[in-house]
Amino acid sequence: MVMDITWQCELNEGIHARPAGHIARLCNSFQADIVWQNTRTQLEANAKSALSLVATDTLLDDNCRITLSGPDAPAAAAALQGLLYRLSAFNLEQESGNGLVAGSLPRCLHELHPQYLCGIRISAGIAVAKPFFMTGVTFTELLVRSPAAPFNPESEKQRLTKGLDDLRIAKMAALDKADGIEYDLIEAHLSFITDSAFQERMIGYLDDHTNAWSAIVRSAIDFSAILERSSSHYIQERTLDLLDIATQLLTGIYGEQSLAQNLLLPDVPVIVFASSLTPSQFLAINKTHLAGLVLSSTGATSHTAILARSLGIPALADIDFATLTLSPRQDIVLDGDQGILVTALDEKIRRYYRHEMNVQQQMRQKLQEFALLPSVTADGHHISIAANSASVEEAQTAFANGAEGIGLFRSEMAFMARQTPPDYPELEALYHSVVTLAAGKTVVFRTFDIGGDKPVAWLASGREDNPALGYRAVRSYPQHRQLFAMQLKAILSASAHGKAKILLPMIARIEEVLWCREVLASVKQEMRNEGLPFDHEIELGIMLEVPAVLFAIAGMAEQVDFFSLGSNDLAQYFFAADRGNPRVSEVYDNYAPAFLRAMHQAVTDVHRAGKRIALCGELATDDALLPLLVGMGFDELSMSASAIPAVKHALKSLNFTHCQALARQISLTHYSAQAAALLQSAATKSHTGKPLLTPETILWELDAADKNEVIKKMVDNLWLHQRTDCRDKLCQDIWARELPFPTVAGSGFAIPHARTDAIHDSTISVATLRQPVSWGGVPVNKVFMLTISQAAAENEHMKYFSTLARMLMNEEFVAKAQSVATPEALCDLIIRALSCE
């Protein structure tokens with residue numbers, strides 16, 4: 001029997017190693033011959049070979065025809081269709097931050113005229129250390145090292161087979177202990193090691209009377225050449241994985257001494273320069289003294305780069321350092337934030353980076369401090385900040401970052417990427433671990449949301465023309481009642497050890513809720529009969545993601561205890577637009593007033609029914625929308641763990657009453673642009689109205705070498721105290737007034753100033769300097785910096801500027817200002833002087 005499948009690639013980076021490995025493994029479980037054709041490139045591949053699949057150069061939006069022939073072709077086609085529907089799970093997070101173009105340095109760094117090279121940012125962060133050049137090995141060098149001793153062809157085949165088997169076993173053992181990016185890396189390497197085409201190529205070279213060493217290297221070179229022809233940089237960079245696998249095979253077969261490489265770093269911090277550092281070599285490096293990493297031929301999406309990013313090591317790629325002359329005794333700066341390598345340091349540049357590293361560390365500490373504090377607005381309104389999670393490890397990270405609970409535990413992850421469903425002991429152990437870790441905080445378990453556009457191999461649901469609107473989640477429960485009941489029992493068992501709640505996904509009709517309640521009641525009764533403990537008052541909630549529920553909240557509220565608005569799916573169904581389809585991205589619009597009004601009305605209706613409502617989804621981490629979500633009245637925001645500290649920090653600057661007024665204003669808009677403008681407008685941002693001057697805006701005995709450093713440190717102080725979140729823009733606006741006419745006021749004073757939208761609350765900042773600096777050729781030892789919000793009254797900027805100027809012309813004020821001994825005394829003096837004006 002012959003069957004055809006058509007599929008359009010939805011992966012941002014195309015068919016790369018991990019999805020290819022999953023496709024190949026599934027296809028190898030069937031007898032049918034399976035041929036994959038990319039209709040754009042006309043390249044064909046045996047779908048049972050991951051490397052051959054990658055070599056078809058299947059990229060985003062490419063159409064593919066898959067032909068299956070054999071007695072089990074229908075079963076293979078059904079399973080393959082299910083896998084293809086869920087391949088979007090392999091989409092890679094897009095890393096922002098490309099290399100700089102000329103003139104894009106931060107304003108205060110630009111003033112220092114640094115010598116630098118531009119690269120592509122792999123990982124943010126700053127490292128100041130000495131360079132250390134690490135030589136890697138290339139395919140050409142490997143070929144040269146091939147042993148010249150006589151060999152027996154049959155013995156070589158046995159060596160190769162044993163070497164492949166040993167490496168596979170070692171990788172499988174490592175896979176059981178790995179997680180995160182290391183798990184993904186090992187999984188990708190396993191797909192190459194077990195690849196039939198790769199193995200056949202090596203055997204072919206052995207049959208041509210080549211030894212195992214050369215067979216391994218030549219086969220890796222052949223497949224690397226195929227990958228390098230891809231249009232995708234991501235796929236091109238998988239050649240480094242083939243080099244890695246080749247070196248691991250050679251080391252396993254011929255011994256460690258055959259490829260002796262020095263991966264030892266000096267016992268002082270260094271920035272490592274490497275041209276072809278493989279993932280395994282990177283993992284083998286002692287990270288104690290690895291301050292940063294600069295790669296040349298290893299690109300920004302290589303597994304080496306991804307590993308560096310996951311470990312938070314500042315790193316740059318695509319820097320050609322072949323002709324770069326750097327002394328091993330000189331310090332350099334790797335600025336991963338800006339994507340540059342500063343190759344010559346003078347004292348001013350050193351001071352700049354010492355301060356920048358220090359101020360960033362202070363901000364990280366502040367965010368972490370806020371993470372562990374209650375999530376309340378400046379006027380005391382509490383809104384719970386919870387985390388979305390799918391594993392015990394993710395939950396650990398969430399609680400460390402200050403999560404007040406798990407607002408959405410994606411239970412379906414334990415059901416996917418496997419050939420059989422989980423059993424009760426497995427689920428009970430997982431849920432027990434999570435609630436125990438929560439230590440009394442709430443964990444909301446969403447029951448499995450699989451099927452439709454998230455199919456699993458063991459749940460035969462058949463092909464659907466529109467799976468996102470099809471047989472998924474709660475709609476599949478009646479046909480899989482036993483599985484649903486087993487999961488409810490596992491959640492109930494966990495509720496005996498911590499605070500658990502149950503959340504039903506994809507509810508569209510009240511009848512679905514009633515059926516689920518009946519199943520829950522029967523499971524509870526069975527557990528009572530068995531004498532098993534559980535929380536008899538466990539709460540049941542529903543996801544609000546189908547628009548029909550927006551009009552049925554009152555009735556639903558009679559049957560459930562809480563609601564959780566899933567903004568991603570709700571928006572998708574609200575606009576009838578796939579959020580992952582770039583062709584309809586303009587339709588999927590989170591700023592559309594109709595969508596925002598629908599969310600606001602949902603919150604109102606839920607509260608009118610006396611219930612609580614949470615929001616989970618990407619909207620919960622949108623900085624611009626946070627004041628609006630607070631103003632709408634959501635009781636909880638659930639988000640990725642990494643976003644929690646910053647969101648809690650931002651909440652502290654919001655005023656709930658102002659946020660409510662903002663929500664009412666936006667409900668009256670008609671166009672997305674109007675809503676976006678209101679959200680961006682300083683006049684409607686819900687800030688707290690901080691005082692014009694406080695002791696925290698005074699820097700006492702500031703150590704600064706020049707005017708530029710004074711401006712930067714004063715602006716950074718405003719950033720640390722939440723008065724700006726656009727440091728560089730504020731510096732630019734200050735410098736814009738300084739260039740034509742330096743703002744020297746006489747008597748050792750300067751008054752830099754700007755009216756700017758980069759400041760949240762109009763502020764007078766003061767710096768008393770440890771030593772005078774030149775300001776337009778005049779020595780200055782005190783700086784009054786005036787930053788007036790763009791939202792302030794039209795004449796406010798010049799009013800304060802004129803007031804300050806008059807104060808500094810007053811000899812009595814100047815004498816007192818020069819003689820005060822503390823920041824608090826200076827603050828009081830200025831406030832009294834301003835009140836007299």
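How many cavities of 30 Å³ or more does a search of the whole structure find? The search finds one. Before the tour begins, note that this is a predicted model, in which local features need pLDDT of at least 70 and side-chain atom pairs count only at pLDDT 80 or more, while totals for chains, interfaces and linings use all residues. Residues are numbered from 1 along each chain as its sequence is written, and side-chain values use heavy atoms, with hydrogens and water left out.

**Stop 1: the domains**

Colour the chain by domain, with bounds that come from an automatic or database domain assignment. The ranges are domain 1 (2-89), domain 2 (110-136 + 262-345), domain 3 (139-254), domain 4 (394-539), domain 5 (563-686) and domain 6 (695-836). The centres of domain 2 and domain 6, taken over C-alpha atoms, are separated by 38 Å.

**Stop 2: the cavity**

Select L112, K348, R351, Y352, H355, D706, N708, E709, K712 and K713, which line the largest cavity. Its volume is about 90 Å³. A cavity here is a set of points, on a 1 Å grid over the protein atoms alone, where a 1.4 Å probe fits but cannot get out, and lining residues have an atom within 4 Å of a point. Grid points are joined across faces, edges and corners, and the volume is the space filled by probe spheres set on the points. Two or more lining residues come from each of α14 (347-371) and α26 (707-720); helices (H or I, at least four residues) and strands (E, at least two) are DSSP runs, numbered from the N terminus. The lining divides into six charged, two polar and two nonpolar residues, where Asp, Glu, Lys and Arg count as charged, Ala, Val, Leu, Ile, Met, Phe, Trp, Tyr, Cys and Pro as nonpolar, and the others, Gly among them, as polar.

**Stop 3: aromatic pairs**

The whole structure holds 15 aromatic pairs. Rings of Phe, Tyr and Trp (its six-membered ring) pair if their centres lie within 6.5 Å; planes under 30 degrees apart count as stacked, over 60 as edge-to-face and the rest as tilted. Select W213 and Y254, an edge-to-face pair at 5.1 Å centre to centre with 70° between the planes. W213 belongs to helix α9 (residues 212-228) and Y254 to helix α11 (residues 239-254), so the pair ties together parts that are 41 residues apart in sequence. W213 is buried at 2% relative accessibility, and Y254 is buried at 16%; buried means under 20% relative accessible area, exposed over 50%, partly exposed in between (1.4 Å probe, protein chains only).

Next, select F574 and F595, which are edge-to-face at 5.5 Å centre to centre and 65° between the planes. F574 is partly exposed, at 29%, whereas F595 is buried, at 0%. Then display F448, Y477, F484 and W515, a cluster linked by ring pairs.

**Stop 4: charges over rings**

**Stop 5: two positive phi angles**

A439 lies in the loop between α16 (424-438) and β15 (442-446) and is exposed, at 65% relative accessibility. Finish at Q722, where phi is near 60°. Q722 is in the loop between α26 and α27 (727-738) and is buried, at 14% relative accessibility.

Conventions:
1 Å grid on protein atoms, 1.4 Å probe; cavity = no way out; pocket = protein on both sides within 12 Å on 5 of 7 lines; lining within 4 Å.
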